[in-house]
Amino acid sequence: MKSHKKFHKTCRPIKVINVVGARPNFMKIAPIMREMSKYPQNFVQLLVHTGQHYDNEMSKFFFDDLGLPMPDIYLGVGSETHAVQTGKIMIEFDKVCYQKKPDLIIVVGDVNSTVACAIVAAKLCIPVAHIEAGLRSFDRTMPEEINRMLTDQISDYLFTTCEDANQNLIREGIPKSKIFFVGNVMIDTLLNHINMAKESFILERLGLRTNNNVRKYAVVTLHRPSNVDDPIILKVILNALNSLAKKLPVVFPAHPRTTKHIMDFKLKDMLSYEKSFSTKAFNRSYKNILILPPLGYLDFLSLMSNAKIVLTDSGGIQEETTLLGIPCLTLRNNTERPITVKEGTNILVGNDPDKIRNTSIKILKDGIPPKKIPKYWDGRAAERIIKFLSIKV
Ligand code: UD1
């Protein structure tokens, strides 16, 4: 194991472990791995999947769509409380580090797998690169905020997506020499796949496109505990979405946690339910929100990029809609991605039903003013990151 946290100039390639665990990690690591594979003289890479997400719809289908290699090591931790899940990942990842002796660990985003593996690496004095560093919601009730803050404090290379992230890190005492403003790897993946997504048949299968005519529709995603864990809040949100569904079809690919709560809270009758796509759905009309299983990356990208409006509590979707120029209502009171509000198409509406209804209806009627694409969201973030890491080799 290395005894101090600096790369040494060596004549061998450095051994990198890329860590993924949950759905939003896969889109972020894909461009990094692709770019790194262009420099075999500089890097040998392994992919570790913690197993935080394990259902095919939450994991394997993304590997297929994104052309990611099979993980070299699968930790299989599964779902648990935060402490148990984080602890299990640490125990298993520690063994991997002792066995593989990596020179660098790359972690992405803000999920439990991110912080767990960063802590293990830092304790073993293995350098850590954190991709998507510095984002802050300033809301410590969000588990992701804790993950972001801790990961950034112990990382050696902090790659950021926007200027406000740089400022957050500096305010928290991170030396400027560790911060690298490179752009957004999630956007690299979107731009790499947007043409492939045009081949998706999801719109036809849902009856949303016939003979090149795309119907107006809305897309919804919800999975944050603050929106889906309380039966009263979830019911209020579904009610607001159902009144929007009177104006246009509302398609809701649901996270397993959300589906489970809809069933447990006996809210199923508020939704139309599509179990699978085995049935033909041409020209179908739904009387209320259509709930679907989680979609793969390309189907979801196709659905999102043709939508009139997106309503979400996801972090990544706020960025993707900004890039695509699609209006996005975020069902949260804060965001760690304020640039999507300042420069992009994002509007925060919390979970107030009147605000959700009225803002959606206004946007459907008036649209939104022209927006900017944030600096460096240009499809070249991974290139900048790997160029930087290559110099360090
Ligand atoms: C996690 C991330 C969140 C991210 C989200 C994307 C943390 C703290 N949260 O939240 O930041 O936005 O992933 O999806 O890391 N489940 C399944 N199948 C799966 C995975 C999960 O059924 O493959 C169910 C289980 O009931 C599980 C629940 O979903 O308990 C929550 O999963 P978990 O990984 O703990 O958190 P997410 O809500 O997915």
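**Entry 1: a tyrosine to start with**

I began with Y376, which counts as partly exposed because its relative accessibility is 29%. My cut-offs: buried is under 20% relative accessible area, exposed is over 50%, and partly exposed is in between, with a 1.4 Å probe and protein chains only. Before going on, I noted that this is a predicted model, where local features need pLDDT of at least 70, side-chain atom pairs count only at pLDDT 80 or more, and totals for chains, interfaces and linings use all residues. Residues are numbered from 1 along each chain as its sequence is written, and side-chain values use heavy atoms, with hydrogens and water left out.

Back to Y376: I found it in the loop between helix 15 (353-366) and helix 16 (381-392). Helices (H or I, at least four residues) and strands (E, at least two) are DSSP runs, numbered from the N terminus. Y376 is not a glycine, yet its phi is positive, about 70°.

**Entry 2: another positive phi**

I looked up N211 next, and it has a positive phi of about 45° although it is not a glycine either. N211 sits in the loop between strand 8 (209-210) and strand 9 (213-214). Is N211 buried or exposed? I wrote down exposed, because its relative accessibility is 73%.

**Entry 3: the whole chain**

I stepped back and looked at the secondary structure, which comes to 16 helices and 16 strands. The C-alpha atoms fill a box of roughly 65 × 40 × 40 Å along the principal axes.

How does the radius of gyration fit a compact globule? For 393 residues the rule puts a compact globule near 21 Å, and the protein chain has 21 Å, so the two agree. I noted that this radius is taken over C-alpha atoms, and that the rule is 2.2 Å times the number of residues to the power 0.38.

Of the 393 residues, 57% are buried. The protein chain exposes about 16,900 Å², and carbon and sulfur atoms supply 54% of that. Those areas come from the Shrake-Rupley method with a 1.4 Å probe; for residues, only the protein chains shown count as cover.

I also checked contacts, meaning heavy atoms within 4.5 Å. Taking contacts between residues at least 6 apart in sequence, 69% join residues at least 24 apart.

Then the charges: the mean positions of the 54 positive and 39 negative ones are 2 Å apart. Lys and Arg count as positive and Asp and Glu as negative, while His and the chain ends are not counted. Each charge is placed at NZ of Lys, CZ of Arg, CG of Asp or CD of Glu.

**Entry 4: cysteines**

How many disulfides does the structure hold? I got 0. The test is a pair of cysteine sulfur atoms within 2.5 Å. A disulfide is a covalent bond between the sulfur atoms of two cysteines.

C117 is buried, at 0% relative accessibility. For C162, the closest cysteine sulfur is in C328, and at 16 Å that is also too far for a bond. C162 is buried as well, with a relative accessible area of 2%.

I went to helix 12 (residues 297-305) and found it mostly covered, with 8 of its 9 residues buried. Among them are Y297, F300 and M304.

M304 turned up again in the contacts of I326, which also touches S305, A307, K308, I309, V310, T321 and T345, not counting residues up to four places away in sequence. I326 is in the loop between helix 13 (316-324) and strand 15 (328-330). I326 is buried, with a relative accessible area of 7%.

I found L323 in helix 13, and it is buried, with a relative accessible area of 14%. Which residues is L323 in contact with, leaving aside its neighbours within four places in sequence? I listed I187, L190, L191, I373 and W377. L323 and K372 are 49 residues apart in sequence, and 8.5 Å apart C-alpha to C-alpha.

My last stop was I119, in helix 4 (residues 112-123). I119 is partly exposed, with a relative accessible area of 22%. I119 touches M90 and I154, not counting residues up to four places away in sequence. The C-alpha atoms of I119 and N18 are separated by 14 Å, and the two residues are 101 apart along the chain.
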